[in-house]
Amino acid sequence: MIRIDLDVMLAKRKMSMTELSNQVGITLANLSILKNGKAKAVRLSTLEAICKALNCQPGDILVYEEEARA
C-alpha cells in the first residue's frame, strides 16, 4: 500500500491546505482525498506540482507499507 504523508509535509512547511490548493491549482476536495488516503491514483503532473510547491521529493510524501495479511 502507498500512503501519502501530505499532512506531515504541510506541517513541516507551515503551509495550509488552502495555500497548497492555490499554488498547485487543484481543489481542496481533491487535496483532502489525497491527504486522507482515499485516492486510487495521482497524476504525475499533480505530484510534480505538489513537490514544487512544498519544495520536496516524491519520496518525502509517498510511503510504501506492506498490507497486513488476514
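How are helix 2 and helix 4 oriented to each other? In this predicted model, local features need pLDDT of at least 70 and side-chain atom pairs count only at pLDDT 80 or more, while totals for chains, interfaces and linings use all residues. Residues are numbered from 1 along each chain as its sequence is written, and side-chain values use heavy atoms, with hydrogens and water left out.

Helix 2 (residues 17-24) packs against helix 4 (residues 44-54) at an angle of about 120°, and their axes lie 9 Å apart. Helices here are DSSP runs (H or I, at least four residues) and strands are runs of E (at least two), numbered from the N terminus. Axes are lines fitted to C-alpha atoms, for helices over the stretch in contact, with angles from 0 to 180 degrees between N-to-C directions. The two helices, helix 2 and helix 4, are therefore oblique to each other; angles under 35 degrees count as roughly parallel, over 145 as roughly antiparallel, 65 to 115 as roughly perpendicular and the rest as oblique. On the helix 2 side, Leu20, Gln23 and Val24 meet Ala49, Ile50, Ala53 and Leu54 of helix 4 (contact means heavy atoms within 4.5 Å). That contact of helix 2 with helix 4 takes in six nonpolar residues, one polar and no charged. Ala, Val, Leu, Ile, Met, Phe, Trp, Tyr, Cys and Pro count as nonpolar, Asp, Glu, Lys and Arg as charged, and the others, Gly among them, as polar.

On a 1 Å grid over the protein atoms alone, a cavity is a set of points where a 1.4 Å probe fits but cannot get out, whereas a pocket is an open set with protein on both sides within 12 Å along at least five of seven lines; lining residues have an atom within 4 Å of a point. Grid points are joined across faces, edges and corners, and a volume is the space filled by probe spheres set on the points.

The largest pocket comes out at about 270 Å³. Its lining has 14 residues, with Ile2, Arg3, Ile4, Gly37 and Ala39 nearest the centre. Strand 1 gives the most to this lining, three residues. The second largest pocket has a volume of about 150 Å³, and helix 3 supplies the largest share of its lining, three residues.

The largest cavity has a volume of about 40 Å³. Ile4, Leu6, Leu34, Val42, Leu47, Ile50, Ile61 and Leu62 line the largest cavity, and these lining residues divide into eight nonpolar, no polar and no charged.
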